[in-house]
Amino acid sequence: MFLLKRRLFPTLLASILCLASILTGCQKNEAPPFSKDKKAELTIAYTNENAFLKRYGNLFNQEYPNIRLSIVSTIPLVTKKLSVENWVQQNKFDIIYLPPDLVKEMAERNDLQDLDLWIKRDSFPLEEYIPQVIEYARSIGNGKLYGLPPTFYGQAIAYNKDLFDTYHIEYPQEGMTWEDLLRLSGKFPKDDGLGNTLIGLGTNDSSSFEFMLKVGFGQGLTMMQGNPPQATVSSDSWKQIWQLTLPLLKSGQLINSSDLNTYMEAFHAGKQAMAVVTYEEYKQLAAQKKTTFQWALAPFPVNPNQSDNNDTLLIDGLYAVSAQSTEKEAAWELVKFLNSRTVAKWNYRSLYGFSTLQHELSTNQEERERLSAMYASRQSYHPIGEVPFELVDKANAAIKNILDGGQSLEEALQQLQNEAQQIPK
């Protein structure tokens, strides 16, 4: 809403304009855009002050010398030591950086400001950002944009083109499922005929069962279902994943390792056909100036029941504005800055993932095209499946027992089913 300076305008017209403003929700955005010369004091809720300063240094002082910042820690909130309700009662903030699940919860509590009106008013260039990331951010707020993610971690399948060509195996393609990929990895021989072991697929999971969970959750499966919850560990769908995975684990054509220092060794050496790569693994691969083989990226496997939606995107956090802030315009100005090219260039190839700005993914056009595999498919927010540590440990022990010949798959799954049902919900 704007101010009426001409006194001859009747009070009725002013009332009508005010009412129209309220009906469109503009009452929350009455102030003009924030001027960089204006003074303000803002509180940013972030992990802690040292982490914030390490990430952004003195960028704010250079860009906004008249804004004073203070940091309040979100650690009790992120670690679930405090509920959202209790944390909000104890802490006042203007801007907050949170993972998707907490942004969703705070938005549903009306703790956060809908950003769409400001975006429209300021002609904020959403078209310059990766559409899939923005769509994902909107899905957190059921269509509304409550936060902007400056970075994201994509996932893709890196593959050795030379190995595929040598054994006349088709390359992994967009739209493949985990089942397709596992069957593809099983087509490679166990060795190259020269005494060198060959690996079909390597994943960055901590254990074999955690890889199975990734496959299952990617298909929309759960470990518990119904009310009261019943374990589904031994269901036909989960059993099929075990049946696909166990032979590959036994033959060595599938490996799982979360050790960043050693995970990509076999792939770098040309002895592994495919590897799941995230931001960190890609940085390692791209840093190699010369490789003895040609490689490429294929999009992450899709959900067979929803082929245009997968679990490619991983978002560390989104910046949001408090609905209770008394400095909303200044807060929005800083949220825009945190998602700007200036900050993206500062963070380039940092610890925080790829920039959500399309032209800041890389300084090289060819690499930007290659990286499109990291976010090829649509993705909507959904809660991450959680499985008790006790069940993960028991399942990994069962996998070892099966591979050693000490137990059949049916016996192991039935035992896990019974144990899962007894774990406190």
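The model is a predicted one.

The axes of α12 and α19 come within 11 Å and cross at roughly 135°. An angle of 65 to 115 degrees would count as roughly perpendicular, and one over 145 as roughly antiparallel. The two helices, α12 and α19, are therefore oblique to each other. Their crossing is right-handed.

## The chain as a whole

The chain holds 19 helices and 15 strands. Its C-alpha atoms fill a box of roughly 90 × 55 × 40 Å along the principal axes. Of the 425 residues in the chain, 49% are buried.

Among contacts with a separation of 6 or more, 73% link residues 24 or more positions apart.

## α12 itself

Helix α12 covers residues 236-251. After α12 comes Gly252, with a positive phi near 85°.

Which residues of α12 are buried? They are Trp238, Ile241, Trp242, Leu244, Thr245, Leu246, Leu248 and Leu249. These buried residues pack against several elements: α10 (178-185), α11, β9 (254-256), α18 (389-403) and α19 (409-422).

## α11 against α12

Helix α11 spans residues 208-218. The axes of α11 and α12 come within 10 Å and cross at roughly 135°. That makes α11 oblique to α12. The crossing of this pair is right-handed.

On the α11 side, the contact is made by Ser208, Phe209, Phe211, Met212, Leu213, Val215, Gly216 and Phe217. On the α12 side, Trp238, Ile241, Trp242, Thr245, Leu246 and Leu249 take part. By class, the contact of α11 with α12 has 11 nonpolar, three polar and no charged residues.

## Burial of α11

How many of the 11 residues of α11 are buried? Nine are, and the helix is mostly covered. The buried residues are Ser208, Phe209, Phe211, Met212, Leu213, Lys214, Val215, Gly216 and Gly218.

Lys214 is on that buried list. Phe211 is buried too, and Phe211 belongs to the contact with α12. Just after α11, Gly220 takes a positive phi of about 85°.

## α10 against α12

The axes of α10 and α12 are 10 Å apart, and the helices pack at an angle of about 20°. Are α10 and α12 roughly parallel or oblique to each other? Angles under 35 degrees count as roughly parallel. The pair α10 and α12 is therefore roughly parallel. Their crossing is left-handed.

Glu179, Leu182, Arg183 and Ser185 of α10 make the contact with Gln240, Leu244, Thr245 and Leu248 of α12. By class, it has three nonpolar, three polar and two charged residues.

Where does Asp205 sit? Its place is in the loop between β6 (199-203) and α11. Asp205 is buried, because its relative accessible area is 10% and the cut-off is under 20%.

Not counting residues up to four places away in sequence, Asp205 touches Glu210, Phe211, Lys214, Asn256, Ser257 and Ser258. Of these, Phe211 and Lys214 are themselves buried residues of α11. Asn256 lies within the residue range of β9 (254-256).

Pro172 lies in the loop between α9 (161-166) and α10. It has a relative accessible area of 5%, so Pro172 is buried.

Leaving aside neighbours within four places in sequence, Pro172 is in contact with Tyr159, Phe164, Leu181, Leu184, Met274 and Ala298. Pro172 and Leu297 are 125 residues apart in sequence. In space, their C-alpha atoms are 8.8 Å apart.

Key: Residues are numbered from 1 along each chain as its sequence is written. This is a predicted model: local features need pLDDT of at least 70, side-chain atom pairs count only at pLDDT 80 or more; totals for chains, interfaces and linings use all residues. Side-chain values use heavy atoms; hydrogens and water are left out. Axes are lines fitted to C-alpha atoms, for helices over the stretch in contact, and angles run from 0 to 180 degrees between N-to-C directions. Helices (H or I, at least four residues) and strands (E, at least two) are DSSP runs, numbered from the N terminus. A crossing is left-handed if the near helix is turned anticlockwise from the far one by less than a right angle, and right-handed if clockwise. Contact means heavy atoms within 4.5 Å. Ala, Val, Leu, Ile, Met, Phe, Trp, Tyr, Cys and Pro count as nonpolar, Asp, Glu, Lys and Arg as charged, and the others, Gly among them, as polar. Buried means under 20% relative accessible area, exposed over 50%, partly exposed in between (1.4 Å probe, protein chains only).
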